[in-house]
Amino acid sequence: MSVADDKTVVREYFNSTGFDRWRRIYGDGEVNKVQLDIRNGHQQTIDRVLNWLKADDNLSGLSICDAGCGVGSLSIPLAEAGAIVTASDISEKMVSEARERATATLGDRASNVKFSTQDLEALEGRYHTVICLDVLIHYPDDKMADMIAHLASLAESRLILSFAPKTFALTILKKIGEFFPGPSKTTRAYQHREADIVKIFENNGFSIARQEMTSTRFYFSRLLEAVRR
C-alpha cells in the first residue's frame, strides 16, 4: 500500500467509524477495558509533554504547532497555559470536535488556538516548537524520513514526537493482534526503530534532549524531544 493510499484510508477511517471510536477513547465517557487502557496510556504521553513544557517556564506566548491534533487533547491545555497554538488534523470530524471542546473549555483563551484540516505534508509556517504525537504509526519507514524532515523545517527550536517502538516483543504482540482484526482496525500500524528516528533528527540538525517511554497493556509510545543544534 502506498503512502497516498495509507493517507486516504486514515482520512476516511477518522471521518467515519474511527471518529466515533477514538472520540470516546479520548473523552471521559464509559469505554471498555482495552479502550480505557489506551486512553490512560495516551493521556500519560500528553501529560509528559505538558510537564516538559511547563518545566521550561516559557509557555506563555510560545508558538506551537500541534500536528495531528486529534480532538485537541494537547492543544487545549497548551492554549489554556497561554501558548499560541496552531493545530491541525487530517480528519475534518476530529478538527470539528477539537474546536467544539476548545470553545467549551477555554473561555476567553479560545483565541489562543486555531484549528484546521490538513495533512502533515501540507503544513506551513515557522513555530518555536512542533509537536506530533501518535501519528508516526500511520507512516511506513520509507516515508518517515521525509515527513520528519518536513516537520523539522517548521521548527525554529524544538521538535517533539512519539512513535510505536519496534522491538521484538512488540512485533510479536502486533502479529498476534493481526489474527483478531475486528471491525475497527482498518488502518495499518507501523512500528519504527528509535535509532532510525534519532538519525533522521541528526541529519536535520537536531539532537535529543529528553525522552520517555509510555507502556501500558495495549498502548506503547516512545516520546522524544529534539532541539536544534
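Is E97 buried or exposed? The tour returns to that residue after a view of the whole chain. Please bear in mind throughout that the model is predicted.

**The whole protein**

The protein has 229 residues, and buried residues make up 45% of them. Consider next the contacts between residues at least 6 apart in sequence: 70% of these join residues at least 24 apart.

**Helix 2 and helix 5**

Select residues 17-25, which form helix 2, and residues 92-106, which form helix 5. Two packed helices are described by the angle between their axes and by the distance between those axes. Here the angle is about 30°, and the axes lie 10 Å apart. The crossing of helix 2 and helix 5 is right-handed.

Now display the side chains where the helices meet. Helix 2 contributes F19, W22 and R23, while helix 5 contributes K93, M94, E97 and R101. Sorted by class, this contact of helix 2 with helix 5 contains three nonpolar and four charged residues, and no polar ones.

**R23 and its partners**

Side chains of opposite charge can pair when their charged atoms come close. R23 forms a salt bridge with D20, in which the closest N and O atoms are 3.5 Å apart. Both residues belong to helix 2; they are three residues apart, which places about one helical turn between them. R23 is partly exposed, with a relative accessible area of 32%. D20 is also partly exposed, at 33%.

Because R23 lies in helix 2 and E97 in helix 5, the pair ties together parts that are 74 residues apart in sequence. The opening question can now be settled: E97 has a relative accessibility of 13% and therefore counts as buried, the limit being under 20%.

**Aromatic pairs**

Turn next to the rings. How many aromatic pairs does the count come to? The count is two. For one of them, select Y13 and F14, whose rings are edge-to-face, with 4.9 Å from centre to centre and 75° between the planes. Y13 and F14 are both buried.

For the other view, select W22 and Y26. Their ring centres are 5.5 Å apart and their planes stand at 45°, so this pair is tilted. W22, already seen in the contact between helix 2 and helix 5, is buried, with a relative accessible area of 16%.

The structure holds 12 salt bridges. To see another of them, select R158 and E225, whose side chains meet at 3.3 Å, N to O. Which parts does this pair tie together? R158 lies in strand 5 (residues 155-163) and E225 in strand 7 (residues 220-228), so the parts that are joined are 67 residues apart in sequence. R158 and E225 are both buried.

**A network of salt bridges**

For the last stop, select K7, R11, D119 and E121 together. Salt bridges that share partners join these residues into one network.

Definitions and conventions
Residues are numbered from 1 along each chain as its sequence is written. This is a predicted model: local features need pLDDT of at least 70, side-chain atom pairs count only at pLDDT 80 or more; totals for chains, interfaces and linings use all residues. Side-chain values use heavy atoms; hydrogens and water are left out. Rings of Phe, Tyr and Trp (its six-membered ring) pair if their centres lie within 6.5 Å; planes under 30 degrees apart count as stacked, over 60 as edge-to-face and the rest as tilted. Buried means under 20% relative accessible area, exposed over 50%, partly exposed in between (1.4 Å probe, protein chains only). Axes are lines fitted to C-alpha atoms, for helices over the stretch in contact, and angles run from 0 to 180 degrees between N-to-C directions. Helices (H or I, at least four residues) and strands (E, at least two) are DSSP runs, numbered from the N terminus. A crossing is left-handed if the near helix is turned anticlockwise from the far one by less than a right angle, and right-handed if clockwise. Contact means heavy atoms within 4.5 Å. Ala, Val, Leu, Ile, Met, Phe, Trp, Tyr, Cys and Pro count as nonpolar, Asp, Glu, Lys and Arg as charged, and the others, Gly among them, as polar. A salt bridge is a side-chain nitrogen of Lys or Arg within 4 Å of a carboxyl oxygen of Asp or Glu.
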